[in-house]
Amino acid sequence: MNDLTLSLTDLTKGYNAGKPNEVRVLQGVSLDVKPGEVVALVAPSGAGKSTLLHIAGLLDTPDSGAVAIEGTDMTNLSDRKRTAVRRSTVGFIYQFHHLLPEFTALENIVLPQLANGVADNAAKDRAMALLDRVGIAPRASHRPAALSGGEQQRVAFCRALANEPSLLLADEPTGNLDPETSDRVFDALMSLVRDTGLAAVIATHNLELAARMDRQVRLNAGVLEHS
């Protein structure tokens, strides 16, 4: 395995380039994340956290700079190859669970595995193991509408880890939950991350949660400040 799971180098990103109302969202952002490391990305809403995560996860491209995942430069990959890397190597978690409402908790975790070529029985076995790991295996046959907010988000965590990614990117993963549920769900997330040894970047404005991660970086006016 490469020494670095994620390496971001001198990323810049702006909108309305060359116009009077141009907004520079990222300015020379660099960040390295090692396997097994959990990094808190701290910034207020609207500061560019989501943009940075989307670039790191190959959902967006920077104006300049480079993104490398497991030592491979992703800068000039075709859209098809970027999609393949996202599917097999990167897991995403958002503030809202985005589960497919017509499918059960189990099926929501099975589907991305099937899309990645995993056999049906193996996909179901892994899905059940993940649900059991976060304590909601008895809810496997329930659709999202029948689950609590905390249960929905735990299913979303399992879905993000379904294809055994090496990199997890989470954007305010507990931001839509009450404080007590947020703590429980965050504990479940950290346990999953520690057990799998993947690298994680978790965006949050919750300083208490950020303090429980390995280190913190802060996005301030487009510049990433390292603690």
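A: The strands β6 and β7 (167–171) each supply at least two residues of the lining of the largest cavity; helices (H or I, at least four residues) and strands (E, at least two) are DSSP runs, numbered from the N terminus. This is a predicted model, in which local features need pLDDT of at least 70 and side-chain atom pairs count only at pLDDT 80 or more, while totals for chains, interfaces and linings use all residues. Residues are numbered from 1 along each chain as its sequence is written, and side-chain values use heavy atoms, with hydrogens and water left out.

On a 1 Å grid over the protein atoms alone, a cavity is a set of points where a 1.4 Å probe fits but cannot get out, whereas a pocket is an open set with protein on both sides within 12 Å along at least five of seven lines; lining residues have an atom within 4 Å of a point. Grid points are joined across faces, edges and corners, and a volume is the space filled by probe spheres set on the points.

By this rule there is one cavity of 30 Å³ or more, and the largest cavity holds about 30 Å³ of space. Its lining consists of Leu53, Phe92, Ile93, Tyr94, Leu169, Ala170 and Asp171. The strand β7 gives the largest share, three residues. By class, six lining residues are nonpolar, none is polar and one is charged (Ala, Val, Leu, Ile, Met, Phe, Trp, Tyr, Cys and Pro count as nonpolar, Asp, Glu, Lys and Arg as charged, and the others, Gly among them, as polar).

Phe92 also belongs to the lining of the largest pocket, where Phe92, Arg86, Arg87, Val90 and Pro112 lie nearest the centre among 15 lining residues. Two or more residues of that lining come from each of α2 (79–89), β6 (90–93), α3 (105–115) and α5 (149–160). The largest share, four residues, belongs to α2. This pocket contains about 400 Å³ of space, and its lining divides into seven nonpolar, five polar and three charged residues.

The second largest pocket has a volume of about 200 Å³. It is lined by 18 residues, with Thr174, Ser182, Thr204, Asn206 and Leu209 closest to its centre. Here α6 (179–196), β8 (199–204) and α7 (207–210) each give two or more residues, and α6 contributes the largest share, four. Seven nonpolar, six polar and five charged residues make up this lining.
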